[in-house]
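Please read them alongside the display.

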Number of protein chains: 2
Amino acid sequence: MFKAMESHPLSAFIQQFIPPNTAAWDAFFPLLSAHQFAKGELVAPAHVPCDRLHFVAQGVARHFFLDQDHNEITSWFSGPSGLATDYRAFTTGAPNIFEIQALTPLETYSIHRDNLDQLYRQYKEWERLGRIVNQFYLIALIERNNGMFVKTARQRYDEFYDQHRELFNLIPLKYIASYLGMTLETLSRIRAEQR
Amino acid sequence: MFKAMESHPLSAFIQQFIPPNTAAWDAFFPLLSAHQFAKGELVAPAHVPCDRLHFVAQGVARHFFLDQDHNEITSWFSGPSGLATDYRAFTTGAPNIFEIQALTPLETYSIHRDNLDQLYRQYKEWERLGRIVNQFYLIALIERNNGMFVKTARQRYDEFYDQHRELFNLIPLKYIASYLGMTLETLSRIRAEQR
DNA sequence: GGAAAAATTTGATCCACATCAAATTTTGTG
DNA sequence: CACAAAATTTGATGTGGATCAAATTTTTCC
């Protein structure tokens with residue numbers, strides 16, 4: 001399927017954890033399906049059990065859910081090497097609460113839950129990769145949490161801007177405002193006073 | 001050290017993931033140290049690299065950090081089977097940002113990072129346990145995050161009260177207020193209008 | 001290229017919750 | 001027990017950011 005396995009879009013990511021050309025390595029790639037999503041398309045519809053884990057190879061997606069007033073709240077952005085899946089739904093089998101939308105043309109590779117479970121069972125290296133990826137996201141979330149309460153809208157914007165300058169001019173500000181827990185108007189005013 | 005391994009305070013927890021009386025099971029218990037902390041005591045001081053993972057056996061601890069104005073922000077509570085460690089510091093080797101304080105007399109068992117790494121390397125079952133524990137906390141945090149922004153102070157209180165009634169009358173309200181992202185006064189007024 | 005749609009800005013007003021201050025109740029301790 | 005310290009409540013006032021309403025700019029796409 002891929003002549004040179006090393007050239008698969010996910011190789012660089014996996015290689016951080018699993019040595020190439022081992023059994024654990026080779027077992028993975030044949031299990032992947034490739035997907036393309038147009039800008040605006042949904043990777044998975046809401047309220048449906050979700051059994052594929054999508055790795056982003058190209059593009060940016062946002063995770064969002066609907067609050068009690070049916071406003072869309074953006075909770076995460078995923079770029080290359082990120083995951084475009086409601087992780088809770090995928091791991092627990094519960095229905096999707098989060099929807100994932102392509103914000104640019106999006107290219108993903110997905111693996112079915114059963115196949116991933118199989119990898120976990122068969123290869124210690126995959127358990128390890130799973131542990132480390134979970135750890136990575138856990139720590140990222142702890143940091144995001146920290147003081148989302150404590151910081152002013154201004155501070156949250158400044159930190160996000162420093163970290164993710166590349167997203168501005170690529171995706172609409174309304175999603176960034178939502179992710180940062182403020183209205184579009186507040187974000188606009190913060191950016192105006194900057195200039 | 002423990003005559004009947006099954007009676008160790010962590011047995012019930014570990015048993016969910018690892019079958020008793022296997023090599024992976026037996027390897028664990030001799031690596032633990034027991035600790036006692038008095039009410040108010042710190043499990044680990046801030047800004048010091050932290051190399052032991054503490055499992056709570058008895059009591060309640062809080063995780064907190066200092067914001068830019070040197071206010072203590074409570075970010076998590078740990079009861080029995082919970083972890084009383086700055087997980088980020090423990091896993092990455094970075095200095096502690098979070099401090100952990102015993103809110104009641106606290107009993108923990110701790111394992112050194114090197115020994116845990118050893119278990120991970122030696123036993124697939126431990127990699128698996130690590131993966132699942134990470135997954136569990138990740139999902140818990142995703143749920144906490146969800147809409148901490150979106151919900152009113154009132155809603156956050158109601159949900160927390162339903163989930164953790166046992167903490168009220170056990171620990172001071174100021175820590176709960178901080179965890180819920182509101183002032184002590186606001187929490188008090190919410191509780192007053194309830195009655 | 002030009003009209004429609006989407007995104008962004010700007011302005012006026014409002015409110016949930018913070019802040020500051022003090023009284024009251026509860027808890028811990030010599 | 002007593003009293004000092006800590007916790008909680010209650011009151012008065014202030015404010016960051018929400019909400020509502022348009023105007024303006026940018027993007028999309030026929």
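Predicted model: local features only at pLDDT ≥ 70, side-chain atom pairs only at ≥ 80, totals over all residues.

1. Residues are numbered from 1 along each chain as its sequence is written, and chains are lettered from A and ligands numbered from 1 in the order in which they are written.

2. Helix 5 of chain A and helix 5 of chain B, residues 124–145 in each, pack with axes 8 Å apart and at an angle of about 25° (axes are lines fitted to C-alpha atoms over the stretch in contact, and angles run from 0 to 180 degrees between N-to-C directions). Helix 5 of chain A and helix 5 of chain B are therefore roughly parallel, a term for angles under 35 degrees.

3. Across the two chains, 25 residues of chain B are in contact with 25 residues of chain A, where contact requires C-beta atoms, placed from the backbone, to lie within 7 Å. Helix 5 of chain B gives the largest share of the side of chain B that touches chain A, with 13 residues.

4. DNA strand D is surrounded by 16 residues, the closest being A:Ala153, A:Thr186, B:Leu173, B:Ser188 and B:Ala192; a residue is near a strand if its C-beta atom, placed from the backbone, lies within 6 Å of it. The largest share of this surface near DNA strand D, six residues, comes from helix 8 of chain B.

Note on methods
Helix = DSSP H or I, 4+ residues; strand = E, 2+ residues; numbered from the N terminus. Parallel < 35°, antiparallel > 145°, perpendicular 65-115°, else oblique.
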